[in-house]
Every structure is written in C-alpha cells, then in structure tokens.
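Please look at how the parts of this protein chain are packed against one another. The report below takes up the nonpolar cores and then the packing of helices.

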Amino acid sequence: MTENLIIHVDMDAFYASVELLDNPELRGQCVIVGGASNRGVVCSASYEARKLGVRSAMPIVTARKLCPKGVFLPVRRARYQEISRKVFEIFHQYTPLVEPISLDEAFMDVTSSTRLFGSGEEIAANIRRQIESSLGITASAGIAKNKLVAKIASDLCKPNGLLVVPADKTQDFLDPLPISRLWGVGPASRDKLRSLGVKTIHDVRKLTQEMLSANFGRNGEVIYAFARGMDDRPVEPPGAAKSIGREITFDHNVYTLEEAYKWMLFLSERVARRMRKEEATGRTVNIKVKYADFVQVTRSVTLESPTDDPGEIYTHAKKLLQKTLVGSKAVRLLGVTLSQLVTPGQAWQPGLFDDPTASERKRKLNQALDGIWDRFGSGTVEPAALVTDVAKHNLR
C-alpha cells in the first residue's frame, strides 16, 4: 500500500515579493503592503520589515511605529492574481489534485505522481525551481504523509526552504514543537493547555482523550489526533465533491477481525449506494478505525480506476483493515469513505486492464438492487452475512 504523499507550497511574503519583482529598486528595504493610509492592515511584509516585528493582519498604524522608514504600498490584487495563476499552472503540471488555500499557498497530493516525476522531494524541488526561474519569486515547501504535517513543515522552513518529514519520523518531528503549531489551537486553547502544564506537542500526548474532550469539547478529539500526526483530510480540488462515506460507532466494542469484516461490508454497501445516488464514482478508498482507547488511525489506497461497486470497495477496505490492529485491540468505531470523486461530467481514462463486460454486469446488478431498495425500502436486500446483524441493530 502506497503511503500518501502531500506537498504544501507557500509563497514567501507573496504580495511584497511581487512588489519587489516589479520594483527591484526597493530590494533590501522594508516593504509593507496594505495601503498608504493608517486605516488598513498589513497584508504582506518583506522579511526586512518582519525582522522589526511587522506581521500580516497588524494595523498599519502599528507597522508605521515599528518601521517608520518602511515603504508602504497599496494592495494590487489584480497583479497578485495574475502571478498566482501562473504559480498554479506550475502546480498542475505535476498533479490534478491541487487544493488552493489562498492566492499564495496550496496543498498538492502527489501520491500518484512519483512514477512520472520522481520522489516527493524531487517534485517539490522542481516546482520551487520553476517558480523562481520563470516568475522571479521564491516559495517554501513541506512534504509529509498528510496535510497537517506538510503545512507545519513548510512553515518551519520559510523563507525559500524545503523540508521533508518521512512518514516514520512524523512523531519525532512533531513532539518538540510548541502547541501553537497544531491546527485548532488558537490563543484561548493555547492558554488553557498551558494551564494544564502543556507546552509542547509531546505534552499534549500525555493527556487522555477524555481530558481533552472535557476541556475543549469536540475540538479535543481533533487536538488528540493531530498531536499524534493523524489527519485523514484529503486534498480537494476546488469544485470537486469532497467525499462520500459512512461510519458507525458501536454500542459494544468489536473485538474480532471477522466481526469487523462484517461491518466493513455493511459500510461498503451503504457508501456504494450513496455513490450511485449521487452519480459519482470514487478513486480512493479510505477507512477509519477508532480503538476503544480513542486512538484513531486511517488507511487509504488509490485505485487505477474509480468505482461505485460495493464488492470492490469492500475488497480494498478489507485489505486496509488488515493493516491495522483490529483483532488485537478493541474497536469502538469503523468508517469507510470514497474520495477523489469522479462525476458524470468529468472525463476518465479507463485502466489498461479494465474489463468493460464485467463492469457492465456489475452496473446492471447494482441498478437492479437500487430499484428494489427504492421500491421496498433500504436494507430490503442484504448480503447473507449481514442479515442478522442489520436486523438486530435496526440499521439501514
């Protein structure tokens, strides 16, 4: 199973860098973009200005006090958008899975791009090289197994840096960092964590899920997962459907792999049914496992061709389940999700070894089952292995 490979690219002081590109005589000076009056806020500042304490979102009047000799320039959004479009054209040379965060940063899923373009580090290095050589500005990039860690990595290597976090070194990378590096930990959460004696991400991992939930509500579970480097959010291109999934939290823990397989079959059937109702197919099968101790893990696999077939979804979900500790640890939640969705309006090149006849048979069978469910209600027809459990738990 291929480990996900995510790159976060962030342009260095983007607005200010574009101004320096257009006005090279300003290089070396404190350039602050945000307006000439005192009523605005700083949108971007050169690194010379940052050394004096100027930061984005700071009131211009404060920036003037910190940097009285600075060059204050108005925002030229059309020009920044023009450069941004060129930057994103470079991103799309390497993968269609590009998720913009703003004009100057994006996530890229290059898991399937390495066969053509080399390792994640090589791809990120080439992107940064192209941006600098063709546009005259610099970018920083973080490479990791998920969005959370890639983002932290790119932040830490700015400006003009590249940082790779190998999957098996994720926890070593995170543990020494201050808690403020975690998404979801703002000033209020940071202060509350500090009152609990927590300063680093390693300290967060000493707290139980119950304690974090008691203090931070639903965000406590996110903090618990992020502190362990767990982040299953996919890279989602704009306008694309995010994902379709289903999960179930058990009244009583699941202890055996055989019982977990049944529930994976149930979830795969429901997800496939929803996919067909949405007229979508999915290319990446994701599973979620939450153990009785609240530790959560995710596994995923990207298929050669997208699917909405429950049997195919289940086959891959079952294999992914074998990559977890299910069977040796009690389980309180299981989930199946399909992402990288393909809708009818999107073109897709079939796999070289796809069997169109078999695919058509599956399609007709699934259509027939959908017709029965539509007429007589969901759960009318179930795989034999599920009949007893679905009825017992009143699940549909």
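A nonpolar core is a set of buried Ala, Val, Leu, Ile, Met, Phe, Trp, Tyr and Cys residues joined through side-chain atoms within 4.5 Å, where buried means under 20% relative accessible area, exposed over 50% and partly exposed in between, with a 1.4 Å probe and protein chains only. This is a predicted model, in which local features need pLDDT of at least 70 and side-chain atom pairs count only at pLDDT 80 or more, while totals for chains, interfaces and linings use all residues. Residues are numbered from 1 along each chain as its sequence is written, and side-chain values use heavy atoms, with hydrogens and water left out.

In soluble globular proteins, nonpolar side chains tend to be buried together. The largest nonpolar core here has 34 residues, of which M264, I287, V289, L321, V331, L334 and V336 touch the most other members. Two or more residues of this core come from each of β9 (243-254), α13 (257-277), β10 (281-291), β11 (296-307), α14 (310-321) and β12 (331-342), these being DSSP runs numbered from the N terminus (helices H or I, at least four residues; strands E, at least two). The largest share, 10 residues, is given by α13. A second, separate core of 29 residues includes V98, A106, M108 and I127.

**Helix packing**

Two packed helices are described by the angle between their axes and the distance between the axes. The axes are lines fitted to C-alpha atoms, for helices over the stretch in contact, and the angles run from 0 to 180 degrees between N-to-C directions.

| Helix pair | Angle | Axis distance |
|---|---|---|
| α4 (residues 77-91) and α6 (residues 120-135) | about 145° | 10 Å |
| α9 (residues 187-195) and α11 (residues 209-216) | about 130° | 11 Å |
| α11 and α12 (residues 218-226) | about 135° | 6 Å |

Between α4 and α6, contact (heavy atoms within 4.5 Å) is made by I83, K86, V87, I90 and F91 of α4 and by I127, Q130, I131, S134 and L135 of α6.

Angles under 35 degrees count as roughly parallel, over 145 as roughly antiparallel, 65 to 115 as roughly perpendicular and the rest as oblique; α9 and α11 are therefore oblique to each other, and α11 and α12 are therefore oblique as well. In α9, S189, K192 and L193 meet L212, N215 and F216 of α11. On the other pairing, Q209, L212, S213 and F216 of α11 meet R218, N219, G220, E221, I223 and Y224 of α12.
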